[in-house]
Amino acid sequence: MLAFTLRRAIQAIGVMIAVGIIAFSMFRFAGDPVNQMVGMDTSGAERAAIRKSLGLDDPVLVQFGRYIGNAAQFKFGVSYQFRLPVTNLLIERMPATLELAIVATIFAMLSGILMGVYSALRRDSWLAHVFQAVSLIGISLPTFLIGVLMIYLFSVTLGWLPSFGRGDVVQIGWWTTGLLTLSGLKALIMPSITLGLFQMTLIMRLVRAEMLEVLRTDYIRFARARGLTTRAIHFGHALRNTLVPVITVAGLQFGSVIAFAIITETVFQWPGMGLLFVQAVQNVDIPIMAAYLMMVSLIFVTINLVVDILYTIVDPRLRSTVSRAH
Amino acid sequence: MTEPVLSVRNLQVEFASRRGTLRAIDDVSFDIAKGEVLGVVGESGAGKSVTGLAVIGLIDPPGRIAGGEIHLAGLRVDNLPAEEMRRVRGKRIGMIFQDPLTSLNPLYKVGDQIVETIRTHLSLSESAARRRAIDLLAEVGIPAPEKRIDGYPHEFSGGMRQRVVIALAICAEPELIIADEPTTALDVSVQAQIISLIKRLGRDHGTAVMLVTHDMGVIAETSDRVAVMYAGRVAEIGPVQDVVKNPLHPYAKGLMGAIPTLAGEDKRLVQIPGSMPRLSAIPRGCSFNPRCAFAFDRCRVERPEPLPRGTQSVACHLYDTVPAESAA
Amino acid sequence: MSEAVVPHPTEKRPAAPPGWFRRALDSDLFYSFLRSKITMIAAGVTLLFFLVAIFASVLSVQNPFDPAQLQLMNSRISPLWTADGQSPFLLGTDEQGRDVLSAILYGLRISLLVGVLGVVLSGAIGILLGLTAGYFGGAVDGLIMRIADVQLSFPAILIALLINGIAKSVFGNKLDEMSMLAVLVFAIGLSFWVQYARTVRGSVLVEKNKDYVAAAQLIGLPAPVIMLRHVLPNTTGPILVIATINLALAIITEATLSFLGSGMPETMPSLGTLIRIGNGYLFAGEWWIVAFPGIALAALILSINLLGDWLRDALNPKLR
């Protein structure tokens with residue numbers, strides 16, 4: 001178990017170093033950092049001074065080491081457009097993105113599992129067909145289009161929900177939350193549904209497929225032969241066995257949810273990291289792009305690691321084979 | 001004579017498919033008395049497993065019981081409503097499947113699975129059910145049951161897992177146990193233990209046992225009576241020693257000839273030429289006729305009905321007292 | 001020894017001949033195609049989209065990219081069937097007097113062009129890397145597949161955005177329309193190669209150990225050439241399925257990038273760009289500027305997805 005965790009941790013560090021190389025290359029080689037920082041009228045001597053102060057004349061490996069060293073302390077340099085430390089910018093916007101992503105994931109999990117279980121157990125009911133159609137549409141409609149549609153419907157036409165922003169937020173330490181005010185909660189509804197819809201269809205399809213698979217297994221047949229109630233078989237045995245892979249996928253998807261938030265945040269002008277990133281891409285603000293890439297990667301590998309460990313806890317077979325193997 | 005525990009009369013099971021309806025079980029009848037072990041033998045696809053599933057009411061669509069009756073100690077069970085049939089399963093009929101490795105839910109402790117089954121059928125408290133589960137594990141021969149009860153299925157060997165499966169099958173004291181190839185997936189050394197366990201449990205509890213297997217050796221060792229199935233029909237049925245010593249049906253003869261014995265080393269094992277027909281291509285008349293060395297014209301036209309012959313019953317025109325000419 | 005308890009009539013069919021092409025000609029595929037009305041409609045709609053995109057210049061009342069053909073007096077006209085509708089602007093006009101229908105036809109052309117080129121590029125990259133990884137194995141294989149693993153855990157849109165940003169940084173912020181189109185194709189190509197690579201690699205690994213490869217080497221034929229002849233036909237089916245589904249994904253990705261302002265510029269708009277432009281007029285109640293490009297995009301992607309789903313089920317019955 002420990003060796004397994006350790007091996008996974010080493011893999012995660014490997015991925016982070018690879019991402020670090022990409023981020024560093026972006027920063028160092030995609031355009032000249034000095035040109036990005038200074039105006040057209042800056043003299044050659046000044047440029048050379050800045051170049052020296054940034055350490056851009058050092059050997060590339062030294063620069064890379066310094067970049068990684070700084071990144072490990074969450075120092076990603078200064079944003080070209082805002083002239084502020086990138087870390088501060090990201091930290092300031094992180095609560096908005098995380099709140100959105102978490103609420104969207106919870107929404108996606110709950111509705112996805114419910115719809116998936118229902119359409120597996122009542123395969124031929126009209127509602128199951130509706131769910132199937134919804135899932136196809138959910139996969140076919142681009143996220144931004146769903147957002148635009150919802151804004152037109154609920155903000156422009158009905159005037160029920162705000163079309164942009166987070167509403168009123170409450171400051172708790174460095175964290176800002178919109179969960180404690182009515183306007184904050186109202187502002188959260190459309191973005192989280194928009195963001196969660198794609199994951200919901202994914203989870204629904206997965207739950208349905210897994211559940212149908214599990215219902216065909218011998219132990220379900222044996223459970224029926226033992227005379228267990230349909231309820232116990234479906235919601236005790238089948239659902240629990242279905243949820244093991246679903247947890248994994250849903251957990252792994254959380255990283256993608258954060259990345260997909262880029263689109264949702266742009267549609268709803270949600271003041272999170274994704275919106276910052278999109279603006280950075282448009283304005284070629286490489287330090288923010290590089291930092292965002294590393295942050296998202298860090299979240300990805302951390303989640304991967306946690307899911308791997310969780311998986312061994314949920315599934316007793318894995319737990320012992322892992323511990324037996326070492 | 002007392003009423004049999006299980007009585008199957010003219011059972012028909014059909015499977016709807018895109019290419020028409022396939023009849024997997026055609027006009028099968030047999031009885032099992034209290035404490036009796038009936039062996040059901042035949043090749044793969046002969047319909048022995050489907051018969052077992054029909055008795056316990058687990059034929060899934062597109063399959064269905066198309067005709068006949070199944071009585072369990074006087075109660076007709078083939079047309080019971082789903083919920084009532086559910087109460088019969090596990091409570092009055094226990095089932096043992098072929099593969100113990102896949103029969104148990106891997107995510108639940110074996111004890112939880114036994115307790116769950118006990119409490120579904122008997123009104124016992126959690127702790128009483130747990131005590132009973134430990135007793136059951138002890139009865140099926142699992143060492144240190146009070147410890148093993150909290151183990152997960154993967155922590156048991158194949159033979160031990162099949163013992164757990166048997167404990168699950170008998171946990172509500174059923175009148176009938178259906179054992180579907182209970183030893184096929186096990187090591188040879190373990191097979192004998194499981195067979196003697198099933199036999200002992202049947203004797204101790206007075207349980208009727210329907211033992212489905214393709215292994216004639218297992219049947220000869222365990223069963224009181226044997227039913228030989230071929231292409232969805234019972235070819236021959238009778239007391240096991242009579243059928244083994246003096247098989248009547250040409251197919252049963254071939255089957256018995258295929259059992260290796262230690263004593264008769266000079267005899268060559270007999271092979272039955274050809275293979276069983278697919279359900280979609282069952283020949284007219286006697287379904288065995290293309291492979292039968294004794295087939296005559298009538299066999300290719302008319303389906304033989306079961307005929308009593310001493311202690312046995314055989315579905316073969318060879319034993320029909322009516323001359324073939326007059327029938328044709 | 002294991003006996004099928006329940007007879008599966010479908011399993012009793014004789015094995016289909018190998019190679020997807022023969023299977024495609026097998027009546028089952030046509031049968032399932034003809035039987036599924038939805039698939040036929042989807043195929044029809046997809047075909048229609050391609051045709052109107054190709055003949056956009058013939059079908060449009062104006063060239064929306066030619067400022068000389070636009071008249072401001074025609075701006076913000078609502079669709080024809082509404083009270084303020086004006087001929088010939090069937091779906092209305094935007095604030096520059098651009099006919100929405102014409103803009104959609106030309107936008108469709110851009111969206112499909114980027115999508116198809118993106119799929120072709122990602123397919124080429126994926127097949128090449130898959131062949132390389134499978135054939136050479138060892139460290140090369142390990143490296144390529146590790147990259148694939150890592151990349152697969154990142155959403156394509158993020159990768160495409162990054163590539164986009166890097167391109168802007170390298171070439172300067174002011175790219176002309178055609179270069180922007182090339183950047184988008186490149187970004188999509190680099191975002192979607194993984195699935196092809198995995199499929200092809202798997203097939204190569206299967207073929208590699210077969211006797212004919214050794215036999216071919218014995219008689220002096222180059223093994224890679226021989227394997228290609230077997231690997232490619234075997235993987236054509238899966239690749240076609242991946243390509244179809246990826247075409248929908250590529251079009252979504254392009255539209256999303258354009259919507260986010262990192263894709264096609266307003267001087268040469270794709271459907272995504274049109275939706276971004278129209279989004280600004282939504283609050284003024286001019287819904288048609290965004291609604292029709294949105295409907296066109298959704299219908300296009302839905303049709304392609306339905307085709308992809310059908311193709312996957314038809315070529316691989318096990319997944320059904």
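This is a predicted model: local features need pLDDT of at least 70, side-chain atom pairs count only at pLDDT 80 or more; totals for chains, interfaces and linings use all residues.
Strand E1 (residues 6–17) of chain B runs antiparallel to E2(B), and ten bridges join the two.

Two loop residues of chain B deserve a look at the backbone. Most residues other than glycine have a negative phi. B:Ala73, although not a glycine, has a positive phi of about 45 degrees. This alanine is found in the loop between strand E4 (63–72) and strand E5 (75–76) of chain B. B:Ala73 counts as partly exposed because 16 C-beta neighbours fall inside 10 Å. Phi is also positive at B:Ala144, near 50 degrees. B:Ala144 sits in the loop between helix H5 (126–139) and helix H6 (145–148) of chain B. With 11 other C-beta atoms within 10 Å, B:Ala144 is exposed.

Where they meet, 16 residues of domain 1 of chain B are in contact with 15 residues of domain 2 of chain B. On the domain 1 side of this contact, helix H8 (residues 188–205) of chain B gives the largest share, six residues. That side has eleven nonpolar, two polar and three charged residues.

Chain C is built from 13 helices and zero strands. Of the 320 residues in chain C, 45% are buried. Among the contacts in chain C with a separation of 6 or more, 68% are between residues 24 or more positions apart. An unreviewed UniProt entry carries the annotation "transmembrane region" for residues 38–61, 112–137, 143–166, 178–197, 212–232, 239–260 and 287–311 of chain C. Two of these spans can be described from the model. Residues 239–260 of chain C are 95% helix and 0% strand, with the end C-alpha atoms 30 Å apart. For residues 287–311 of chain C, the corresponding values are 96% helix and 0% strand, and the end C-alpha atoms lie 36 Å apart.

C:Asp141 counts as partly exposed, with 18 C-beta neighbours inside 10 Å. Leaving aside residues up to four places away in sequence, C:Asp141 touches C:Ala133 and C:Phe136. From C:Asp141 to C:Asn234 the separation is 93 residues in sequence and 20 Å in space, C-alpha to C-alpha.

Chain A has contacts with both of the other chains described here. Towards chain B, 20 residues of chain A are in contact with 24 residues of chain B. The elements of chain A that give two or more residues to this side are helix H9 (218–225), helix H10 (230–267) and helix H13 (316–325). The largest share, seven residues, comes from H9(A). By class, the side of chain A that touches chain B divides into seven nonpolar, six polar and seven charged residues.

The contact between chain A and chain C takes 32 residues from chain A and 34 residues from chain C. Here the elements of chain A that give two or more residues are helix H1 (2–29), helix H6 (126–140), helix H7 (143–157), H10, helix H11 (273–282) and helix H12 (286–314). H10(A) gives the largest share of this side, seven residues. The side of chain A that touches chain C consists of 26 nonpolar, six polar and no charged residues, whereas the side that touches chain B includes seven charged residues.

Key
Residues are numbered from 1 along each chain as its sequence is written. Chains are lettered from A and ligands numbered from 1 in the order in which they are written. Two residues are in contact if their C-beta atoms, placed from the backbone, lie within 7 Å. Helices (H or I, at least four residues) and strands (E, at least two) are DSSP runs, numbered from the N terminus. Ala, Val, Leu, Ile, Met, Phe, Trp, Tyr, Cys and Pro count as nonpolar, Asp, Glu, Lys and Arg as charged, and the others, Gly among them, as polar. A residue is buried if 20 or more other C-beta atoms lie within 10 Å of its own, exposed if 12 or fewer, and partly exposed in between; C-beta atoms are placed from the backbone. UniProt positions are given in the numbering used here, feature names are shortened, and annotations may be inferred rather than shown by experiment. Two strands pair if DSSP finds at least two bridges between them.
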